[in-house]
Amino acid sequence: MEEKSRRIDPATDRAAAAHLLGCAPDQVGYCPRCQGLTHRYGHGARVICAACRAAEAAARG
């Protein structure tokens, strides 16, 4: 599942966030940059969320 580059609010239910991220609820964790939810643990994990990665890529040009 392709990630969208939007921040997932940390108040979002883990099961709903997992559905959006295409992972299991126990693989969801906090992005260290924005504290939004991301697929942080397990196979295919990305510690930095899609929104922060997109912002970083845009800043690079």
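The side chains of Arg33 and Glu56 are joined by a polar contact of 2.6 Å. A polar contact is a pair of N or O atoms within 3.5 Å; within protein, one must be able to donate a hydrogen and the other to accept it, and residues adjacent in sequence count only if both atoms are side-chain atoms.

This is a predicted model: local features need pLDDT of at least 70, side-chain atom pairs count only at pLDDT 80 or more, and totals for chains, interfaces and linings use all residues. Residues are numbered from 1 along each chain as its sequence is written, and side-chain values use heavy atoms, without hydrogens and water.

Confidence comes as pLDDT, from 0 to 100 for each residue. The protein averages 92, and 93% of the residues score at least 70.

| Element (DSSP run) | Residues | Mean pLDDT |
|---|---|---|
| Helix H2 (H or I, at least four residues) | 50-60 | 93, the lowest |
| Strand S1 (E, at least two residues) | 28-30 | 98, the highest |

Arg33 sits in the loop between S1 and S2. Beyond four places in sequence, Arg33 is in contact (heavy atoms within 4.5 Å) with Ile48, Cys52 and Glu56.

Thr38 belongs to strand S2, residues 37-39. Thr38 is buried (under 20% relative accessible area), at 0%. Its contacts beyond four places include Leu21, Val28 and Ile48.

The largest nonpolar core has 7 residues: Ile8, Ala17, Ala18, Leu21, Cys23, Val28 and Leu37. Such a core joins buried Ala, Val, Leu, Ile, Met, Phe, Trp, Tyr and Cys residues through side-chain atoms within 4.5 Å. Helix H1, residues 14-21, gives the most, with 3 residues.

Note on methods:
Buried < 20%, exposed > 50% of the residue type's maximum accessible area, 1.4 Å probe, protein only. pLDDT = per-residue confidence, 0-100.
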